[in-house]
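I opened the structure to take notes on how its parts are held against one another. The entries below are in the order in which I looked things up.

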Amino acid sequence: MPCAPRMSRISALARISCSRCHRRKKKCDRVLPTCGNCASVHHSCSLAEEAHDTATYPVAFVQNLERRVRELEVHQDVLASFTETHQVTQIEEGASQLAVNPTLNFNETPGEILLEDVPSSFSDQHTSGHRNNGDANIERPPTAAASQSIRDNQSPHHRRQDSLAQNLRDVSLAAVAEPYLGTISGLTFAKLTQAVLRRLSPDGRDFVFNQHVDGNAVPIEGATILHLDLMDNVYFDSDQAIDFSFLAEGLSTLDAPTQDTTIQLPDRTEMLRLTNFYFDHSHTLYPILHQQEVMSDIHSIMLDPDGRLTQSPPCMFRIWMVLAIGSTAHASITLTEEFASRLYYEKAMTYFDASMDYGDIVALEAIMLQVSYSFFNQFGPNTWFLVGTAARLALGMGLHCDSTSQALSRVQAIRRKRLFFSVYMMDRLVSITLGRPFAIHEDDIDISSFSIEACDELDRDPGAPQSTLCHPPMAVTEQILRLRKIANDIATKVYCKRIVSRYSTTERQQILAALHQDLVSWRQSVPFPLPNLHSKVPHGCTSWYDLNFYTHLTALYRPSPLFPTLDVDRVNILTEAAAMAIRHANSMRLQQRLAFNWLTLLAIYNAVIALVYSVTVQPENLAASLERLRAVEDLELATELFTVLGERFPASRTIGTMVAQIVERYRHMSSAPTC
């Protein structure tokens, strides 16, 4: 059903419908700059991209624009006058009152820290930088007194507008508002760490980063703003949001690819290389496909390039997506060019529409393959929306219940179960990263065995050698599923305020100890010997399991609703866990097994924040803490990792610059004479 025309305001109208409505034969309201159908599903509209010399502009619309321009001119004059007389006074008051608050409490406000010592005027100025960033580049001559006062106080707020102007991306109006990020996402902890860094400032005020170092622009607010920017880049690219309407109407509405769709399959050697890497790497993380079936199809197509299988949309979609995911996953480890993977992805999307007509299982596979691709390459649709779509479809098919598979064969039942647990693991990974509610609730899962079974009929490739020494590849998948379940328990029992509020002090201590033991048991139960996977696969080495053990331990012990304040013992555990996470990430880099994707970037970033926090809040003399904890050496390892990650993510270079400045301050304080 087309959406109802938007009549709440007078708008300009295009002469013709947008290309998407025309292609789908839907009534278009032609409202500029985005029609109602496209706006309702957050889809890019061709009306916003075209010049509309022939658009109709009602008289009332033009008069409304003229009136609005006059109002804005008056408002601008008022703001200019107000800024000259009041800005410096408010900044000085805010800066003088902004002291380290020892009572920062995660239970005070949902998802963020409440700084009671910050006056409302200072807080309002902080948020207005986001609402009115369009004024950031308007230069107004300050008074002489204001200029001198700002120079004397070195107020970080005065420089905030310039920093925001350099760091904020061009986004649509819908994406300007700050996205919701829960406590476990790390945003709250980033705010707390930013406050703790005041201990590094001689005057006890905010730790101010140098804005420009080696060509990198650093946000004045440091970790907090940078964390939001990272999340925004990963999950909130509105231009690539998926259109949900195909689930309701049975048709896909993804745009046609922009590259040449006449690309041919690679030669036999390259095709087998990418396919084998996909099944060693991505398939052991998320066993979406029937491996025997896909390999059989690939061998058949290589023998007969013009055979009947090339006319099967699901078959060709799977093959091109396997090549795309295998290529982008390998490139994320070797830091090679990803042009080929994008071509493979775009070629796969030419078969997407037709594949959606081949049943629910094929449709679910198609969506999940796009999720798998997006974990390594942001060229595809938005990860958050895709995971939600896959979860809804899986629940609608009843994959979360044993009863829906009772009449099926063992192989079919195992395949459906693997699909569900792949969606479950994707949902846990993405939702915990964002600190958002899960799409699949634990109470709704009615599966007797929470595990992924091995199945030769699904996994065994007759043309590949079989190991008699190592565990089968699905043993890795089973281990990862257990980790996602523990992560679910941490998110629920440690970060859900509604649940945590019911715990007594004794129960909180018991929960923390039990979750810690769950992580220890998980690490001790890692299969040995590990499966004989490709030498570049990250989870083919023990360092990957060590890295995940320590990153989850960091999330467990950092300040949370379960324990808003930490005692010395917990601070020491947090310090060691964060440092060990950085060391194992560096070990994987030296082994050439580290995947340089956004998941790795966020994991290392959160470990660095935890290390900086736990070192800086140590009750002893800071110089003594730095010498005892080797924090400087660990942070220098982190800057090396961020330098390499900077080849793919510009934000990583900014993080490295910030960490280098903290290290420099640490070194200065370590060398300073103690009283």
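**Entry 1. Overall make-up**

I noted at the outset that this is a predicted model. I counted 28 helices and 2 strands in the protein. Of its 675 residues, 53% are buried. I then looked up the contacts with a separation of 6 or more, and found that 77% of them join residues 24 or more positions apart.

Where does Phe 375 lie? I located Phe 375 in the loop between helix 16 and helix 17. Its relative accessibility is 2%, and the limit for a buried residue is under 20%, so Phe 375 counts as buried.

I next listed its contacts, leaving aside neighbours within four places in sequence. Phe 375 touches Tyr 286, Thr 383, Met 426, Leu 429, Val 430, Asn 597, Trp 598 and Leu 599.

**Entry 2. Aromatic pairs**

How many aromatic pairs does the model contain? The count comes to 13 aromatic pairs.

I examined the pair of Tyr 286 and Phe 375, which is tilted, with 5.7 Å centre to centre and 35 degrees between the planes. Tyr 286 sits in the loop between helix 11 (282-285) and helix 12 (291-303), and Phe 375 in the loop between helix 16 (360-374) and helix 17 (383-396), so that the pair links distant parts of the chain, 89 residues apart. Both Tyr 286 and Phe 375 are buried.

Phe 375 also pairs with Trp 598: the ring centres are 6.1 Å apart and the planes stand at 55 degrees, so this pair is tilted. Trp 598 belongs to helix 25 (residues 598-616) and Phe 375 to the loop between helix 16 and helix 17; the pair therefore ties together parts that are 223 residues apart in sequence. Trp 598, like Phe 375, is buried.

Elsewhere I found one aromatic cluster formed by Phe 420, Phe 421, Tyr 424 and Phe 450.

**Entry 3. Helix 13 against helix 14**

I looked up how helix 13 (residues 313-334) and helix 14 (residues 339-349) pack: the angle is about 160 degrees and the axes are 8 Å apart. Angles over 145 degrees count as roughly antiparallel, which means that helix 13 is roughly antiparallel to helix 14. The crossing is left-handed.

Helix 13 contributes Phe 317, Trp 320, Met 321, Leu 323, Ala 324, Ser 327 and Thr 328 to the contact, and helix 14 contributes Ala 340, Ser 341, Tyr 344, Tyr 345, Lys 347, Ala 348 and Met 349.

**Entry 4. Helix 24 against helix 27**

Last, I turned to helix 24 (residues 568-590) and helix 27 (residues 631-645), whose axes come within 9 Å and cross at roughly 45 degrees. That makes helix 24 oblique to helix 27. Their crossing is left-handed.

On the helix 24 side I recorded Ala 579, Ile 582, Arg 583, Ala 585, Asn 586 and Arg 589; these meet Asp 634, Leu 637, Ala 638, Glu 640, Leu 641 and Val 644 of helix 27. By class, this contact has 7 nonpolar, 1 polar and 4 charged residues.

Note on methods:
Residues numbered from 1 in each chain as written. Predicted model: local features only at pLDDT ≥ 70, side-chain atom pairs only at ≥ 80, totals over all residues. Heavy atoms only, no water. Axes fitted to C-alpha atoms, helices over the stretch in contact; angles between N-to-C directions. Helix = DSSP H or I, 4+ residues; strand = E, 2+ residues; numbered from the N terminus. Parallel < 35°, antiparallel > 145°, perpendicular 65-115°, else oblique. Left-handed = near helix turned anticlockwise from the far one by under 90°. Contact = heavy atoms within 4.5 Å. Phe/Tyr/Trp six-rings, centres within 6.5 Å; stacked < 30°, edge-to-face > 60°. Buried < 20%, exposed > 50% of the residue type's maximum accessible area, 1.4 Å probe, protein only. Nonpolar A, V, L, I, M, F, W, Y, C, P; charged D, E, K, R; others polar.
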